[in-house]
Amino acid sequence: MVDRNNPMSENNHEPQFDSLAPLYEDMANWPFRKEIEIPAVLTRLGDLCGLRILDFGCGSGHYSRLLKAKGAERVVGYDVAGGMLHYALEREAQERRGIEYASDLRGFESQFDLVLGVYVLPYAATREQLSAMVRSMVALLRPGGRLLTLPLNPAYAPQADYYAPYGFRLTTATPHQEGSEVHLHLPVGDRHVDITAWYWSRETLTRTLQQSGLSEIQWHAPHPPNPASASPSLDAYLQRPHTMLVDSYYHGSH
């Protein structure tokens with residue numbers, strides 16, 4: 001049974017991430033993220049002034065800090081990985097940006113104009129867990145609220161070394177097979193960390209969003225605001241990015 005107050009805990013993924021906060025902070029400066037993903041997300045989100053935003057799966061808090069810096073009225077970062085949350089809380093204690101962090105969603109229902117979920121849907125191991133995670137995000141939205149999430153690109157490049165020039169590798173025994181494991185290999189010093197994710201097709205992801213009450217669903221490939229400014233070394237990534245931006249709205253009532 002999925003705990004709706006702690007929906008990311010069902011897969012017990014937090015041990016995968018507990019020690020990775022410094023790496024995740026460093027990854028924000030990797031060229032594909034700094035030049036493509038992060039600008040694409042912020043451009044897609046648009047004007048954040050006065051908005052109440054929950055960063056679902058906030059990790060080390062990088063996006064939470066960006067959202068606050070862009071004018072959001074209230075930012076709450078949610079995660080269940082204790083090491084990640086500890087890092088984010090320490091940064092907040094030092095910088096005092098006014099960001100809240102939580103490992104439990106109780107009390108946050110129907111409060112937010114926007115929920116941002118970066119790289120969280122791939123960690124649902126079953127369709128039931130995928131549905132539960134999306135429902136948990138929708139439950140946080142006020143009527144008229146918006147969800148922007150970044151799943152694994154259903155058309156990611158299956159060649160194991162395709163993304164190696166960008167700092168990581170994706171491997172799987174069954175490329176593009178529904179519900180199959182995909183392994184993300186990240187460098188940590190002189191070793192590599194293997195993070196397990198799961199593949200979900202565009203049809204499954206879209207249907208899950210719809211069944212959770214979301215509409216106006218749009219898929220966007222990540223592109224920098226000024227494509228001409230991107231380094232030529234990122235061309236292959238732009239052709240087959242490993243993630244997509246999926247935008248949707250909640251017009252129901254809880």
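**Entry 1: β2 and its crossovers**

I began with β2, helix α5 (residues 82-95) and β3, which make a right-handed β-α-β unit. I noted that helices (H or I, at least four residues) and strands (E, at least two) are DSSP runs, numbered from the N terminus. A crossover is right-handed if, with the strands pointing away from the viewer, the path from the first strand over the helix to the second runs clockwise.

I recorded two points on sources. The model is predicted, with local features needing pLDDT of at least 70 and side-chain atom pairs counting only at pLDDT 80 or more, while totals for chains, interfaces and linings use all residues. Residues are numbered from 1 along each chain as its sequence is written, and side-chain values use heavy atoms, with hydrogens and water left out.

I then looked up how β2 is joined to β3 (residues 100-102): the two strands run parallel, with 3 bridges between them. Two strands pair if DSSP finds at least two bridges between them. Here Val76 has Glu100 in β3 as its bridge partner.

Is β2 mostly covered or uncovered? I found β2 mostly covered, with 4 of its 5 residues buried. Buried means under 20% relative accessible area, exposed over 50%, and partly exposed in between (1.4 Å probe, protein chains only).

**Entry 2: strand β1**

I turned to β1 (residues 52-56), which is largely enclosed by the rest of the structure because 4 of its 5 residues are buried. β1 runs parallel to β2 (residues 74-78), and 5 bridges join them. I located Phe56 opposite Tyr78 in β2, and Leu54 with Val76 as its bridge partner in β2. Leu54 also has a bridge partner in β4, namely Val115. Strand β4 (residues 112-118) runs parallel to β1 and is joined to β1 by 3 bridges. A right-handed β-α-β unit is made by β1, helix α4 (residues 62-69) and β2.

**Entry 3: the annotated span**

I consulted the UniProt record, an unreviewed entry, which lists residues 53-145 as "domain: Methyltransferase". UniProt positions are given in the numbering used here, feature names are shortened, and annotations may be inferred rather than shown by experiment. The end C-alpha atoms of residues 53-145 lie 10 Å apart, and the span is 38% helix and 26% strand.

**Entry 4: the antiparallel sheet**

In what order do the 3 strands of the open sheet stand? I read the order as β6-β7-β8, with antiparallel pairing. The edge strands, each pairing on one side only, are β6 (169-171) and β8 (191-198).

I counted 8 bridges between β7 (residues 181-188) and β8. Within this pairing, His185 has Asp194 as its bridge partner in β8, and Leu184 stands opposite Ile195. β7 and β8 form a hairpin with 2 residues between them, and Gly189 in the turn has a positive phi of about 65°.

**Entry 5: two helices**

Finally, I examined helix α6 (residues 127-139) and helix α7 (residues 202-211), whose axes come within 9 Å and cross at roughly 45°. Axes are lines fitted to C-alpha atoms, for helices over the stretch in contact, and angles run from 0 to 180 degrees between N-to-C directions. α6 and α7 are therefore oblique to each other. Angles under 35 degrees count as roughly parallel, over 145 as roughly antiparallel, 65 to 115 as roughly perpendicular and the rest as oblique.
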